[in-house]
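Visitor: I've got a model open on my screen and I'd like a guided walk through it. Can you take my questions one at a time?

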Amino acid sequence: MSHSKPDTVSAVLARGRLGIPSVVFFVIAAAAPLTVVAGGATTGYAVTGVTGIPVSYLVVAAVLALFAVGYVAMSRRIVNAGAFYTYVTRGLGRPAGVGAAMIALVAYNAMQIGLYGGAGAVTAQFLNRYGWHLTWWICALAVWAIVAGLGVARIDLNGRVLAVVLVAECVVALTFDAIMINHPADGTISFDTLAPSHVFAAGIGAALVTAITGFVGFEGTVVFSEETKDPRRTIARATYIAVAVTGLLYGLSAWAMSVATGPDHIVEAARADGTDLIFNLVSPYLSQSVITVARVLFITSLFAALLSFHHTVARYLFALGRERVLPAVFGQTSRRTGAPKVGSLVQSGLAFAVLVGYALAGADPIVHLFFWIAVSGGLGVLILMTITSAAVIGFFARITHTEGPWRSRIAPGIATLALGGILTVTLREFATLLGVEPDSPLRWAFPAAYAAAALLGIVWALVLRSTNPDVYAAIGLGADSDTGPLRAPDLIRQPS
Amino acid sequence: MRAAASAAAPTRLADEFFYLAHDDQTGRSRLFESATAHGLAAALLLELYGEGRITFEGRHIRVIDTLPPRDWLRHLVLDRLVAEPRHTATRTWLAFLGTTAYEQVATRMWQRGFLRQQQVGRLWRQRIIYIPTDVNTAAWSWARLSYQLRRYQRLNAFDAALAGLALHTALDPILLDGAPQATRAFLREQVNQTPLPLRDLLADLGAVVGGAVLSHRTT
């Protein structure tokens, strides 16, 4: 066996593999920068009344970077690494894994459906400037129809389109930031909203979970681990780059807005102008056509995020259907397109029902749908990341490996504590987050939904253990669950 | 039925899977691209397995006889396997062979007169598709499997392997359209009774096709 011969198999398989930029573009598109800057940050100021939003973005970026250390190291050693519940299954056991899977289903559905509120309201507002008289829910349903169609056709946005849109979004955000910083409210640039003291102020939990919501999507880098040129480096670097780029952009933009209005007036201004705030702040200094382009990009970024989260939910349902944890029908694909069609249709059906419910109830699309539901989704992802981080420690404690203590214990340990801390203050301040009275039952309703989902998952896993051991054994294997009955499953891989 | 089966007993699993995965009249694909590609790759490996050249052990392929097969395509695949001993993972080979399997199998069938080429699409979207020359030959694999399964007849080794490929590429709804649940169970049972090495390959095929669904992106 001569190793000097060219390795044609590897050479052929390396064709079309992803480099760092492609992976970064894919995941930042799901995080949708302009949606977060123009929609998330402004609504965050308005609803929570907290001025520490900018510093929250930076703090959360740092915590997520720490989280990514162990997360990426573990992703190379497990199959079905695209889903949080696999990490929990391998690190903390199968019952906890199914509990996490249920939390994930609620959380990503909430993220996705919440975004329809933003997409509907912003699109209606945009079109109504040109003499249309559309309600938010007509626009939301139109967007819904497109997403549902693309979902079953298994079409997502092309890598090149994403790259162009994403770069344009960043250019717009940075241009706006520069203008806002150059035109401070009282003539002096204030760094108030970036002061670390905010981290210990009242209401910071609400600000931190708002920030985390803005980052959701970055965890998707690991989905591509088998398709990258150099799995060991590409995924890790792409994840850090995604977190750093989005963190700095969000922090800078949220701060720039507070400079332009003055830190004391940012909350009032956000309440008065809503998602229009950033556009109103820069419009005196830019031509209207630039503002129009920016508004269109805001809508496309919402759309990219909607489609991305739709596919995420459909894939979760598919993987769970293949494992038979959910009914096997979820594991079916469309023959012609290979779309996880049942998962896709169920997600679209759920979104449709919620949209109709909101339209009938006459609820506010931005506050009650976009912010409440999407941020509740962010809360779910925060719970998932906290458990996953603990699972990373559990996983590396169980296997023999060559990772140093930093990746296997220290970084995941600090991340677990930090995420757990954020989770604790978030739950304590959930009323602030929703902008309701402290004794409102709503403040418990959203967290309780996750507790119920987790409990349901754990109980279901225990039922499976006693009634259907084959299915129980295949939990967390995703598409690999077929190999379960035949041979010992490939639980731990040698990293490439 | 039985007389016809013995008259034209098929021997090339990849050709039969190609027929199964494409419309017998128009040649349009019945499956998504990566499932067809991996299914054809698995079929080619199974042809070598059927000739006693290779076997499947767990997640790996082992070459047991390097004697060149008479068929040029089998010869080509075996040569690759022999030339690249550092790669033994079945999945690696499914992925590798999947990149070329469609063209190769179509070419082999075209050379034997089973398919004809046709140019479709206009201007910048022109491409070659392969259309079966004889609808009856093309429909035979589908008709044979469907008929036997619906009548709960035991499948021979060749047809059981073909049914296994269909099952693990999610092509079974085509075979069993409208059939009761018991027929599906019978299909699974027939596939589960195949030899262990074959089931090993099918497990990897199922995982690769499922993985393609999970990590899909439009390019």
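Visitor: Let's start with chain B. What percentage of its 219 residues count as buried?
Guide: Keep in mind that this is a predicted model. A residue goes down as buried once 20 or more other C-beta atoms lie within 10 Å of its own. Run that over the 219 residues of chain B and the buried share is 44%.

Visitor: What is chain B built from, in helices and strands?
Guide: Chain B has both kinds of element, so you'll want to colour by secondary structure here. The tally is 11 helices and 4 strands.

Visitor: Of the contacts in chain B between residues at least 6 apart in sequence, what share joins residues at least 24 apart?
Guide: Take the contacts in chain B whose partners sit at least 6 apart in sequence, then keep those at least 24 apart. What you keep is 65%.

Visitor: Which helix gives the largest share of the side of chain B that touches chain A?
Guide: The contact draws 31 residues from chain B and 33 from chain A. On the chain B side, helix 3 (33-50), helix 5 (90-98) and helix 11 (196-214) each put in at least two residues. By class, that side has 13 nonpolar, 12 polar and 6 charged residues. The largest share, 10 residues, is from helix 11 of chain B.

Visitor: Is B:Ala170 buried or exposed?
Guide: You'll find B:Ala170 in the loop between helix 8 (157-168) and helix 9 (172-175) of chain B. Its phi is near 60 degrees, a positive value in a residue other than glycine. Most residues other than glycine have a negative phi. With 22 C-beta neighbours inside 10 Å, B:Ala170 counts as buried.

Visitor: What is the handedness of the crossing between helix 3 and helix 13 of chain A?
Guide: The axes of helix 3 (residues 33-48) and helix 13 (residues 288-322) of chain A come within 8 Å and cross at roughly 115 degrees. Helix 3 brings A:Pro33, A:Leu34, A:Thr35 and A:Ala38 to meet A:Leu297, A:Phe298, A:Ser301, A:Leu302 and A:Ala305 of helix 13. Those contact residues divide into 7 nonpolar, 2 polar and no charged. The crossing is left-handed.

Visitor: How many other C-beta atoms lie within 10 Å of A:Ala415?
Guide: A:Ala415 is part of helix 16 (residues 405-428) of chain A. Not counting residues up to four places away in sequence, A:Ala415 touches A:Val63, A:Leu66, A:Phe67, A:Gly70 and A:Ser389. A:Ala415 is buried, and the count is 26.

Visitor: Is A:Arg336 buried or partly exposed?
Guide: A:Arg336 lies in the loop between helix 13 and helix 14 (341-361) of chain A. The C-alpha atoms of A:Arg336 and A:Val122 are separated by 35 Å. Being buried takes 20 or more neighbours. A:Arg336 has 15 C-beta neighbours inside 10 Å, so it counts as partly exposed.

Key
Residues are numbered from 1 along each chain as its sequence is written. Chains are lettered from A and ligands numbered from 1 in the order in which they are written. This is a predicted model: local features need pLDDT of at least 70, side-chain atom pairs count only at pLDDT 80 or more; totals for chains, interfaces and linings use all residues. Axes are lines fitted to C-alpha atoms, for helices over the stretch in contact, and angles run from 0 to 180 degrees between N-to-C directions. A crossing is left-handed if the near helix is turned anticlockwise from the far one by less than a right angle, and right-handed if clockwise. Two residues are in contact if their C-beta atoms, placed from the backbone, lie within 7 Å. Ala, Val, Leu, Ile, Met, Phe, Trp, Tyr, Cys and Pro count as nonpolar, Asp, Glu, Lys and Arg as charged, and the others, Gly among them, as polar. A residue is buried if 20 or more other C-beta atoms lie within 10 Å of its own, exposed if 12 or fewer, and partly exposed in between; C-beta atoms are placed from the backbone.
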